Each structure stands twice: as C-alpha cells, then as structure tokens.
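Me: Please take me through the ligand sites in this model. Start with the term we need for naming helices.

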Amino acid sequence: MSERIGVIGAGSWGTTLANLLARKGLDVTLWAYEAELVEEMRATRVNSFFLPGIELAPGLSFTNSLEEAAARKDFLVLVSPSQVMRGVLAQLAPLLRAGVVLVNASKGIELDTLMTMDQVCAAVLPPEVARCFSVLSGPSFAREVSLEMPTAVVAASGDAAVAAAVQRLFTTPSFRVYTNTDVVGVEIGGALKNVIAVAAGISDGLGLGHNTRAALITRGLAEMTRLGLSMGAQAETFAGLAGMGDLVLTCTGDLSRNRTVGMKLGQGMKLADILGEMRMVAEGVKTAESAYRLARRTGVEMPITEKVYQVLHEDKPARQAVMELMTRDLKAERW
Ligand SMILES: NC(=O)C1=CN([C@@H]2O[C@H](COP(=O)(O)OP(=O)(O)OC[C@H]3O[C@@H](n4cnc5c(N)ncnc54)[C@H](O)[C@@H]3O)[C@@H](O)[C@H]2O)C=CC1
Ligand SMILES: O=C(CO)COP(=O)(O)O
C-alpha cells in the first residue's frame with residue numbers, strides 16, 4: 001500500500017492509531033494541537049504527554065500545521081475530542097480534496113448542537129468531502145492497542161466500499177477490524193457508553209458491588225439502544241463491538257478515564273477538582289448532558305443517563321441518585 005495518511009489529534013488514541021499505521025510501514029503524518037508536543041515527539045519519538053513509554057515508529061512524522069497533516073492525503077483520521085471537532089474541521093475544510101476517506105475515531109455528542117460526529121462533518125465540510133465518511137469504534141484502550149494486545153473494533157460507513165477500505169487500512173495481526181453500515185448506531189454506541197461508564201465508576205466509588213455494575217451495564221445498554229433506535233440506528237449494532245463490547249470494557253476496565261471520573265465522584269470528590277487534575281479527556285462528562293438533552297428532545301426514557309447528568313452537573317449526591325434509580329416505578333424488562 002502507498003496511501004498517505006493524516007491523523008488529526010495526538011492524544012493517546014490519535015498517537016496510537018498513527019503509530020499502528022506507521023508500524024505497518026505506511027506514510028503517516030500526526031498533527032498535534034500543542035506545538036511543544038510536536039517538538040518533543042520529533043526529539044524523543046515518544047509522546048510523554050498522552051502515551052508515555054511507547055516508542056513511535058520511524059515512518060511517523062509530526063506537525064503542528066493542519067495544512068501539512070491534511071493536504072494531499074488519501075485517509076484522514078479525526079481524533080480530536082468531540083467538543084472541539086467542529087473548530088478543527090472548520091480549519092480543515094478548505095484543505096481537503098474530494099475522495100479523501102474520513103475516519104472518525106472520536107466518541108462524543110456535541111453539546112451545543114446535540115450532533116454526532118458524522119453530523120458535524122456533514123455540517124462543516126463540503127458535501128463532496130463529507131461523503132466518504134466512516135467511523136472507527138469499539139473496545140480499544142489506547143495503551144493496550146499500543147502494546148499490541150489483541151483488539152477487535154468496527155469500521156462503519158454508509159458506503160460499504162469505504163468501510164472495507166478502512167478495514168484493510170487498519171487491520172494488523174493484533175487489531176481486527178469488522179465492517180458495519182450502521183454509522184448512527186456505531187456513533188451513538190461509542191458516545192453513550194462513556195456516560196454509563198461514569199455511572200459504573202460512581203457505583204464502584206460508592207463501594208457498591210458487582211450486582212450493581214452488572215445492572216448498570218445491562219440497563220445502560222437498554223437505554224443506549226432505545227436512543228439509537230429513535231435516531232435510526234439498528235438494534236444489532238448495540239449488541240456488537242461499538243455497543244456492548246465498548247460498554248463492558250469501559251465499565252470494568254481500570255484504564256477508563258470515564259470510569260475513573262465516576263469513581264472519584266462516588267468517593268466524594270467534586271467534579272471541578274477531578275477535571276482540574278486530568279490532562280486527558282473524559283468525553284462522558286459533556287456527553288452526559290448532550291444525551292440527557294437528546295433524550296428529553298426525543299422523549300426517550302434514559303434514567304441512568306439522567307442520574308449521571310444530575311450527579312455531574314446538578315450536584316445531586318451519588319447515593320441519592322442510586323436510591324432514585326432503584327425506587328422508580330416497577331416495569332417489565334424491555335428495551
Ligand atoms: N484513549 C483511548 O483509549 C481512546 C479514546 N478514544 C476517543 O478519542 C478521542 C480523543 O481522545 P484521546 O486521544 O484519548 O485524547 P487524550 O485525552 O489522550 O488527549 C487530549 C487531546 O485533546 C487535544 N486537545 C485539547 N484541547 C484541544 C483544542 N482546543 N483543540 C484541539 N485539540 C485539543 C489534545 O491535543 C489531545 O490530543 C476522544 O473522543 C476519545 O473518547 C477512542 C477510543 C480509545
Ligand atoms: O473509548 C475508550 C475505549 O474503547 C476509552 O475509554 P475512556 O475514554 O473512558 O478511557
């Protein structure tokens with residue numbers, strides 16, 4: 001393959017994906033928002049800000065110029081946090097040629113507009129550029145992928161040929177990529193699992209047990225699925241890697257930033273203090289509010305998301321939130 005690839009965003013996931021491709025011998029340019037990070041990666045070939053201890057492959061080059069990262073590329077991987085994606089895309093829009101394959105690897109719902117990342121791309125980019133959109137999602141902690149621990153993810157696009165191209169591009173012996181055509185389901189699954197992971201963290205932080213966590217995962221999946229269906233997603237997607245797969249990982253894995261935020265809340269820390277000591281992004285904090293508002297707008301019942309929103313943003317005590325969830329009206333089990 002002789003594809004030229006730009007990766008936009010040098011956080012832990014962008015650096016990991018860029019490095020995975022460079023390890024395959026591909027020509028990859030990684031754009032970092034922080035100029036000093038570009039200097040550091042050039043000098044040391046390590047991203048100590050976001051991915052310490054992982055050596056970066058020789059084929060990987062670094063830039064602080066979006067033009068250099070995006071111009072004349074065949075694939076552009078978008079890995080900026082979802083709340084800044086629109087601003088980054090607006091700068092990219094005049095630089096992109098029709099036919100470049102866009103791969104969104106970011107997981108979130110824009111707070112101001114309640115749009116998923118495919119919708120933000122469609123709104124900001126010229127139609128001939130936004131057409132080749134795909135989303136790469138699934139259970140994939142950056143550090144484990146960097147250490148080449150076997151991982152399976154999904155590449156979704158409305159155009160099956162685009163999904164197949166992304167599958168071929170990213171597949172390695174330790175990174176297995178499935179295709180899917182349900183972009184909405186994959187976007188919603190990836191975004192909402194972060195909110196449920198905050199809930200699972202809160203439960204762990206309160207010292208609650210495995211029963212509680214299992215209940216949150218299962219009923220969390222039900223409400224994710226309900227919202228997805230109301231937006232045109234397919235139910236099977238939520239039983240797959242971008243739904244249940246990522247939900248289980250993030251609700252149980254110690255590497256999850258979202259679960260960690262929840263644990264600290266459950267232990268009594270204030271959100272501002274938790275975020276103040278984090279350099280990395282926990283997308284679920286903002287997506288809890290986006291999802292809460294989407295649920296109200298669409299009339300979909302999302303009780304766990306609602307409680308996470310209230311604990312995060314309305315100072316509801318975590319124990320009270322648990323009590324309110326447990327004493328809701330009794331009902332039949334359903335999606
Ligand atoms: N880290 C992981 O294991 C995975 C992360 N993701 C998703 O990837 C996306 C990016 O997350 P990470 O790479 O983990 O980031 P990170 O949390 O490691 O680093 C923060 C990132 O935000 C960037 N940033 C901060 N302010 C910015 C601004 N104003 N404009 C542009 N960029 C800015 C930083 O440069 C850095 O790239 C998120 O949506 C996350 O949910 C998806 C799968 C796995
Ligand atoms: O999306 C992820 C794994 O698939 C990463 O989760 P966190 O952002 O909670 O660390």
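Reply: A helix here is a DSSP run of H or I, at least four residues in length, and helices are numbered from the N terminus. The model is predicted.

Me: Which helix gives the largest share of the shell around ligand 1?
Reply: A shell residue has a heavy atom within 4 Å of the ligand. Three residues of the ligand 1 shell come from one helix, the largest share. That helix spans residues 12-23 and is α1.

Me: Which residues come nearest to ligand 1?
Reply: The shell around ligand 1 holds 21 residues. By class, five are polar, four charged and twelve nonpolar. Nearest of the 21 are S12, W13, E34, V281 and E283.

Me: How far is a backbone N or O atom of V281 from an oxygen atom of ligand 1?
Reply: A polar contact needs N or O atoms within 3.5 Å. The side chain of S106 meets this, with a polar atom 3.0 Å from a ligand 1 oxygen. For the V281 backbone, the distance to an oxygen of ligand 1 is 2.7 Å.

Me: What percentage of ligand 1 does the protein bury?
Reply: Ligand 1 taken alone exposes 820 Å². The space it takes is the largest pocket. Of that exposed area, the protein buries 87%.

Me: Now ligand 2. Which residues come nearest to it?
Reply: Ligand 2 has 13 residues around it. Four are nonpolar, four charged and five polar. Nearest of the 13 come K193, D246, S256, R257 and N258.

Me: How far is an N or O atom in the side chain of R257 from an oxygen atom of ligand 2?
Reply: The R257 side chain also has an N or O atom 2.9 Å from an oxygen of ligand 1. For the R257 side chain and a ligand 2 oxygen, the distance is 2.6 Å.

Me: How much of the accessible area of ligand 2 does the protein cover?
Reply: Ligand 2 sits in the largest pocket. On its own, ligand 2 has 310 Å² of accessible area. The protein covers 91%.

Me: Which element gives the largest share of the shell around ligand 2?
Reply: Elements giving two or more residues to this shell are α12 (241-252) and α13 (257-266). The largest share is three residues. They come from α12.

Conventions. Residues numbered from 1 in each chain as written. Chains lettered and ligands numbered in written order. Predicted model: local features only at pLDDT ≥ 70, side-chain atom pairs only at ≥ 80, totals over all residues. Heavy atoms only, no water. Polar contact = N/O pair within 3.5 Å; in protein donor to acceptor, adjacent residues only side chain to side chain. Areas by Shrake-Rupley, 256 points an atom, 1.4 Å probe, with all protein chains shown as cover. 1 Å grid on protein atoms, 1.4 Å probe; cavity = no way out; pocket = protein on both sides within 12 Å on 5 of 7 lines; lining within 4 Å. Sits in = over half its atoms within 2 Å of the grid points. Nonpolar A, V, L, I, M, F, W, Y, C, P; charged D, E, K, R; others polar.
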